[in-house]
Amino acid sequence: MTRGSRTWAAAAIAAGCAVGAVATSRAAARRRARSAPEPLLLAPPAAIPLAAPAAPPASGSPATSRGARRRRRAGAWTTAALAAAIVLSAVAAVAVASTRPSPTVEVPLDTPAQPYTPGSTHPHVAVPAAAPLPPRKTWRWAQVLRPVVARRRPGGKAAARLRMRTPEHTVNIVLVTATAMHRGRLWVRVRLPVLPNGTQGWVPRAALSGYTFVDTHVIVSLRRRRLTLYRAGKAIFRAPVGIGARHTPTPRGQFYIRDRLRGYASAFYGPIAFGTSARSAVLTEWPAGGYIGIHGTNAPRRIPGRPSHGCIRMRDRDIRRLAALLPVGTPLTIQ
């Protein structure tokens with residue numbers, strides 16, 4: 001019931017009570033007037049002419065008294081009926097307003113479903129335990145639009161410098177792992193293709209392009225010498241691989257696929273190669289700094305095994321199948 005409906009209902013009830021009080025007072029006044037003795041109006045006999053017409057019956061005659069009583073009863077009934085009608089209208093307005101939903105009332109989302117009695121203890125609301133979130137299956141990467149310094153924290157000391165091009169002359173991209181605001185400026189945390197492996201840094205969001213999302217993930221098991229490609233958490237490709245020799249091991253850690261390369265003049269790299277953000281910790285003097293790649297081979301019989309200087313080698317037929325499924329920017333886990 002709204003505040004306006006309650007106001008109108010209260011006004012109607014008050015009006016009915018007022019009319020009833022007036023009718024009661026009028027009826028009491030009439031009863032007092034009837035019970036009071038009427039004065040006697042005596043006139044000398046000589047004052048009345050002999051030929052005068054018959055005077056109307058006095059007010060105290062039986063006929064006049066009955067007519068007055070009927071009129072008083074009719075007036076009292078009319079007043080009572082009017083008061084009853086006003087009161088009934090008020091009751092009907094209250095009933096209708098109480099059954100009509102109020103458009104301004106909203107039930108809070110946390111209202112307990114159990115009834116609550118004032119004066120008693122609050123009811124116990126059973127809240128189900130929150131289910132754990134599923135593993136993350138979507139990642140985002142962005143292109144470096146201008147040379148920028150990656151910092152250890154937003155606005156902090158420098159950690160590395162990112163260029164627009166990779167050593168292979170492809171566009172440079174970074175895998176985004178977090179975002180944060182610092183002094184009104186948006187920063188993003190990215191994986192850096194530097195040593196030590198696993199280093200991350202913060203760069204201004206304005207230095208990167210729009211995000212590209214991927215739902216793939218590459219996992220290389222060094223113990224099993226096997227590469228597995230997942231899409232949305234489901235394995236869609238597996239193949240044996242060759243890894244680094246013991247004195248030039250393949251590094252472990254979290255990396256990402258940085259670029260895709262074709263058209264090598266030497267069959268040593270096979271038909272396709274993928275550049276990664278991983279770097280060899282022992283071959284730092286190699287050209288471009290000793291980046292780890294995933295590529296084909298001209299010695300497929302050495303797979304699986306330890307035939308490389310740290311790169312991950314695959315048979316040519318397997319690398320071709322992988323190239324049809326693996327997008328650039330995919331996270332890479334070597335374990």
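Analyst: Here is a walk around the largest pocket, starting with how to read the model. This is a predicted model, where local features need pLDDT of at least 70, side-chain atom pairs count only at pLDDT 80 or more, and totals for chains, interfaces and linings use all residues. Residues are numbered from 1 along each chain as its sequence is written, and side-chain values use heavy atoms, with hydrogens and water left out.

The largest pocket has a volume of about 540 Å³. A pocket here is an open set of points on a 1 Å grid over the protein atoms alone, where a 1.4 Å probe fits, with protein on both sides within 12 Å along at least five of seven lines. The volume is the space filled by probe spheres set on those points, which are joined across faces, edges and corners.

So who lines the largest pocket? There are 27 lining residues, and Tyr 269, Trp 286, Tyr 291, Gly 293 and Cys 311 are the closest to the centre; lining means having an atom within 4 Å of a point. Sorted by type, the lining holds 14 nonpolar, nine polar and four charged residues. Ala, Val, Leu, Ile, Met, Phe, Trp, Tyr, Cys and Pro count as nonpolar, Asp, Glu, Lys and Arg as charged, and the others, Gly among them, as polar.

Now for the strands: β12 (253-262), β13 (272-279) and β14 (291-295) each give the lining at least two residues. The largest share, five residues, comes from β14. Strands are DSSP runs of E, at least two residues long, numbered from the N terminus.

Methods
Helices (H or I, at least four residues) and strands (E, at least two) are DSSP runs, numbered from the N terminus.
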